[in-house]
Amino acid sequence: MRWVTAILTAILTAGPLAVAAAECGWVVWEKLEGHQAEGSSLKLSVSQPTWTIRQAYNSFEDCRDGKEGIWSNLEAYWEERKSSVAKVQKIEIWKQPGEKLGVSFISEKEVKMFLHTYLCLPSAIDPRDKN
């Protein structure tokens, strides 16, 4: 009988949470991190990561699809510009499809790297640091 009570408690507790999550909006968040290494010593500087709302949706599925579209557009943007950025010897792009996209600019004197991370979160959740 105890296990029946435990299962009913779990269902009754989780049910409202699932309904609440289904009813709330969803947001695509982008985190941008910048890294730069300069000179022969490769002194590294790191920018403070910034979170930005990219788009809001009514459902998780729409959010996920929107996130994939945002990621694909950014990938296409950098792929098109790989050969046209002045004073850069090489541009490298690394990918975790739909989730992360990194871009490195390599020149004689420095390396600059940017990492874009995308998340779909319920509108009530804000990933920015609260400090």
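Of the contacts in this chain with a separation of 6 or more, 54% are between residues 24 or more positions apart, where contact means heavy atoms within 4.5 Å. The model is a predicted one, in which local features need pLDDT of at least 70 and side-chain atom pairs count only at pLDDT 80 or more, while totals for chains, interfaces and linings use all residues. Residues are numbered from 1 along each chain as its sequence is written, and side-chain values use heavy atoms, with hydrogens and water left out.

The overall layout, then. The chain has two helices and six strands; these are DSSP runs numbered from the N terminus, with helices being H or I of at least four residues and strands being E of at least two. Along the sequence the pattern reads α-β-β-β-α-β-β-β. Of the 131 residues, 26% are buried. For burial, the classes are buried at under 20% relative accessible area, exposed at over 50%, and partly exposed in between, with a 1.4 Å probe and protein chains only. The chain exposes about 9000 Å², and carbon and sulfur atoms supply 57% of that area. Accessible areas come from the Shrake-Rupley method with a 1.4 Å probe, and for residues only the protein chains shown count as cover.

Next, strand β5. This strand covers residues 100-106, and five of its seven residues are buried, so it is largely enclosed by the rest of the structure. Which strands pair with β5? One is β4, residues 90-96, which runs antiparallel to β5 and is joined to it by seven bridges. The other is β6, residues 110-122, also antiparallel and also over seven bridges. Pairing here requires that DSSP finds at least two bridges between the two strands.

Some positions on either side of β5. On the β6 side, K100 stands opposite T117, and the hairpin from β5 to β6 goes through three residues.

M113 lies in strand β6. With 26% relative accessibility, M113 counts as partly exposed. Leaving out residues up to four places away in sequence, M113 touches E33, G34, H35, W94, V103 and S104. The C-alpha atoms of M113 and G34 are 5.7 Å apart, although the two residues are separated by 79 residues along the chain.

Side chains of opposite charge can pair when their charged atoms come close. The rule used for a salt bridge is a side-chain nitrogen of Lys or Arg within 4 Å of a carboxyl oxygen of Asp or Glu, and by this rule there are six. E33 forms one with K31, with the closest N and O atoms 3.7 Å apart. At 16% relative accessibility, E33 counts as buried.

Another of the salt bridges links D65 and R64, where the closest N and O atoms are 3.9 Å apart. D65 is partly exposed at 48% relative accessible area, and R64 is partly exposed at 36%.

How far apart are the closest N and O atoms of E75 and K95? In that salt bridge they are 2.6 Å apart. E75 lies in helix α2, residues 60-81, and K95 in strand β4, so the pair ties together parts that are 20 residues apart in sequence. E75 is buried, with a relative accessible area of 18%, whereas K95 is partly exposed at 40% relative accessibility.
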